[in-house]
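Hi,

Here is the structure I promised to pass on.

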Amino acid sequence: MSPQEKAAAIAGSKGNRTIAALTCYDYPTARLLDEAGTDILLVGDSLGMVVLGFPDTTHVTLAHILHHLEAVVRAEPKALVIADLPIHTYETPEQALETARKLVTAGADAVKLEGGVRQAEKVRAITAAGIPVCGHLGMLPQRVLEEGGYHKKGKTPEQTRAILAGAEALIDAGVFAIILESVAPAASREITAAIPVPTIGIGCGEGTCDGEIAVITDLLGSFPWFVPPFAKPEANLATQTNDAARKYIERVRRS
Ligand code: KIV
């Protein structure tokens, strides 16, 4: 399937099937998640925090995303591979398109950027070039410094209306789906019911969106130093890694 067909299949799943998406930053994980049947692999800028050890996503560069995207793409996933446009790489429509083209050349099927009304012209420039774009509304991690922390959104009717206005601007510009991050459950349901493209939620309450996305380290329990309250780990790789290393060290020292 072409990238455009894969994105259209995700768009067409609204109302039919729940989308299961995960972040992914390397080759072996991409193979395993793809074999498991994940719909979307997002090479998200969360990699700055959970892989590269930065305090937030504002340190992530295009070179970081390209390096990890290339590893994911080597797994030849059937899933739709979305790559994040890092902060400061989409200040104008021209720059947004140039960055998106670099990500597509490295193998991304689609790109994602944060923000609503003020990003619509950038989204339009990218979609006009035939590159599928996923929106990202609600809590925007790239704005953490301006906003003085991570704050839940959609807690008032005004906030919900602002997110909806952003969603409408993005849809008009051609997005095939929108990630909603840390939006209050009632607002997530309202937005999901109001718009024609799928919403994919994280930290919005289960079952409030057309799909879910999880940061892979939250699912695997491999980044124990920060676990968001909504995370539902299905494994505890941090403990298993620690135990395996201890057993290895003991064995080596005994011999
Ligand atoms: O970078 C990322 O992992 C993301 C998800 C939180 C949606 O944008």
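Which residues are around the ligand? They are Thr23, Leu42, Gly44, Asp45, Ser46, Asp84, Lys112, His136, Ile179, Glu181 and Ile202, where a residue counts if one of its heavy atoms lies within 4 Å. By class, that shell has three nonpolar, four polar and four charged residues (Leu and Ile count as nonpolar, Asp, Glu and Lys as charged, and Gly is among the polar ones).

Before the rest, a word on the source: this is a predicted model, where local features need pLDDT of at least 70, side-chain atom pairs count only at pLDDT 80 or more, and totals for chains, interfaces and linings use all residues. Numbering runs from 1 along each chain as its sequence is written, and side-chain values use heavy atoms, with hydrogens and water left out.

Now the polar contacts (pairs of N or O atoms within 3.5 Å). Ser46 has a polar side-chain atom 2.5 Å from a ligand oxygen, and for Lys112 a side-chain N or O atom is 2.9 Å from an oxygen of the ligand. Asp45 uses a backbone N or O atom instead, at 3.1 Å from a ligand oxygen. On its own the ligand has 260 Å² of accessible area (Shrake-Rupley method, 1.4 Å probe), and the protein covers 96% of that.

Cheers

Conventions: Polar contact = N/O pair within 3.5 Å; in protein donor to acceptor, adjacent residues only side chain to side chain.
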